Amino acid sequence: MFISFEGTEGSGKSTQLKLLVERLRASGYKVAVNQEPGGTVIGREIRRVLLDPAHAEMASMTELLLMFASRAQAAAEVILPALSRGDLVVSDRFTDSTLAYQGAARGLGFDLVRNAHRLALGSLQPDLTLCIDLPVEEGLARARHRNEGNQMARSEARFDQQCLDFHLRVRAGYREIAEAEPERVRIVDGSGNSAAVFERVWALVEPALSENRS
Ligand code: TMP
């Protein structure tokens, strides 16, 4: 089974991913973890290029193709081998991010992103996608607070620095995806502390795991 986490900046999705991986491993599952962009040695090099705030001139199409380059490598190196061993895969972002950020917010459109997905990844899709939803202003405030004290986070701030309207379009993009694929993409209320949000996450993952086993 392949599970992905999605969300706008500072939504808390990476914290939820960590909590889920811990819970799954404690329950005896073998879990491969992936991050987009990133997830492999090559992917992390691509991530550095993509997120560097100095690269303000990057064209939307370059951004899109680099996102898929990282993902194609992760599919070959991490995701497909793990699924064929029968392990679980949990990914911090996947193609729904490209739909929301490059398709909706940058304006490239969903059709173009879906065509690029088919080219790079064929029919590979998560079985379950948890989209952690939080008002954009709240998430951006969290992300900026995190960046202030952290040199690494500052070096990856190119998207955090986009205007509020960009992030509002990302959130609207996620809602559109969830409406189109309500079975796979579940919106999770990201408000409250991480333990409260994790209860909502687990309430969706646990039944999906049993369904997948039967
Ligand atoms: P992160 O903050 O979740 O590590 O993600 C890195 C940034 O990259 C985040 O701002 C969202 C952006 N992104 C895209 O624009 N398109 C994509 O396809 C992916 C995977 C991430």
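A: Here is a walk through the salt bridges, pair by pair. The model is predicted. Side chains of opposite charge can pair when their charged atoms come close. Here the count comes to 14 salt bridges.

Start with E156 and R47. These two form a salt bridge, with their closest N and O atoms 2.9 Å apart. E156 lies in the loop between α7 (151-154) and α8 (164-180), while R47 is in helix α2 (residues 41-51), so the pair ties together parts that are 109 residues apart in sequence. How exposed is each partner? E156 is partly exposed, at 22% relative accessibility. R47 has a relative accessible area of 13%, so R47 counts as buried, the cut-off being under 20%.

Next come R169 and D165. Their salt bridge has its closest N and O atoms 2.7 Å apart. Both residues belong to helix α8, four residues apart, which means about one helical turn separates them. R169 is partly exposed at 33% relative accessibility. D165 is also partly exposed, with a relative accessible area of 43%.

Then there is D189 with R200. The closest N and O atoms of this salt bridge are 3.9 Å apart. D189 sits in strand β5 (residues 185-189) and R200 in helix α9 (residues 194-213), so this pair links parts that are 11 residues apart in sequence. D189 is partly exposed, at 40% relative accessible area. R200 is partly exposed too, at 31%.

Last, a network. Salt bridges link E63, R106 and R158.

Conventions
Residues are numbered from 1 along each chain as its sequence is written. This is a predicted model: local features need pLDDT of at least 70, side-chain atom pairs count only at pLDDT 80 or more; totals for chains, interfaces and linings use all residues. Side-chain values use heavy atoms; hydrogens and water are left out. A salt bridge is a side-chain nitrogen of Lys or Arg within 4 Å of a carboxyl oxygen of Asp or Glu. Helices (H or I, at least four residues) and strands (E, at least two) are DSSP runs, numbered from the N terminus. Buried means under 20% relative accessible area, exposed over 50%, partly exposed in between (1.4 Å probe, protein chains only).
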